[in-house]
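Visitor: Hi! I'm new to this one. Could you walk me through it?
Guide: Happy to. Let's have a look together.

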Amino acid sequence: MDQAVFQTLTDTLSADINVRMTAELRLKELQGNPEFPISLVKLALAQECSISQRHLAAVLLKSYVDSQWSEKSSKFRGPEPPAETKAVVRDMVLKGLSDPTPRIRSSCAYVVSKIAHHDWPESWTNLLDVLVHHLKNGSTDEVHGTMRVLAEFVNKDITHLQLPLIAPVLFPELLRILMSDQVYSHATRSRCVSIFSSAVEMLYTIKEEHPEAVKIYLNPIFSSWMDVFLVILNKRTADNAEVEVGEWGLKTEILK
């Protein structure tokens, strides 16, 4: 199956229109095979392949998750893969969060967040533990990929009932990354602020119904975040245009 998918994807990139058309028809046939998404993940992660091949595999995997992963999806057209296939894909795609190629890393993060929308927490019980472990111990690439997942995760999938369980674990790691200006990029640190902001909005949305949530989970840490915000807002790098642009983006996210 792996070789068939590899050859078909290679043919879809051919300059010969007849080869491409044949490959696209073959691709539709392969999509019904339960091993198809596993082969896509393998190819997306195969660093010995060209970036164009890997990226195409990642894009097709995103499309597959949108249309075939779960019958609960509004875009579902089937067939849905078996539980065994899903488990293998979930395990493998997490490895893509540390891929050295940003395009692959971002695509894998998208796939993780899309799968999580359907499978977390019932079928993907350890996902949050894995993501927090990546934040604590991962490389800068792995942290970047994980942050992209969390941004989608907090915005779309975590409920007000789950947030109180997640906040005590997540907030300290986000603050640590935000403070580590010599380690992480402005983009990664900006995403920390965005995730924190989304969580704060959710806490205040439920304030009347659950007044203890803000008191327990936000009040004790808010001053620490504000102190860091003020340090960042007061800092300016005037002699490096690239750094200044990054600083501006981070400051804008803080002001929001």
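Predicted model: local features only at pLDDT ≥ 70, side-chain atom pairs only at ≥ 80, totals over all residues.

Visitor: New topic: how many residues are in the largest nonpolar core?
Guide: That core has 76 residues, and Leu 127 and Leu 178 have the most contacts inside it. Helix α9, residues 163–179, gives the most to this core, with nine residues.

Visitor: What does Leu 178 touch, leaving out residues up to four places away in sequence?
Guide: Its partners include Arg 189, Cys 192, Val 193, Trp 225, Phe 229 and Ile 232.

Visitor: And how do α10 and α12 pack?
Guide: Helix α10 (residues 186–205) and helix α12 (residues 219–234) pack at an angle of about 145°, with axes 13 Å apart. The crossing of α10 past α12 is left-handed. On the α10 side the contact is made by Arg 189, Cys 192, Val 193 and Phe 196, while α12 brings Ile 221, Phe 222, Trp 225, Phe 229 and Ile 232.

Visitor: One more: is His 144 buried or exposed?
Guide: His 144 counts as buried because its relative accessibility is 14%, and the cut-off for buried is under 20%. You'll find His 144 in helix α8, residues 140–156.

Visitor: Which side chain does the His 144 side chain make a polar contact with?
Guide: That of Arg 105, at 3.0 Å. His 144 also touches Ser 106, Thr 188 and Arg 191.

Definitions and conventions: Residues numbered from 1 in each chain as written. Heavy atoms only, no water. Core = buried A, V, L, I, M, F, W, Y, C linked by side-chain atoms within 4.5 Å. Buried < 20%, exposed > 50% of the residue type's maximum accessible area, 1.4 Å probe, protein only. Helix = DSSP H or I, 4+ residues; strand = E, 2+ residues; numbered from the N terminus. Contact = heavy atoms within 4.5 Å. Polar contact = N/O pair within 3.5 Å; in protein donor to acceptor, adjacent residues only side chain to side chain. Axes fitted to C-alpha atoms, helices over the stretch in contact; angles between N-to-C directions. Left-handed = near helix turned anticlockwise from the far one by under 90°.
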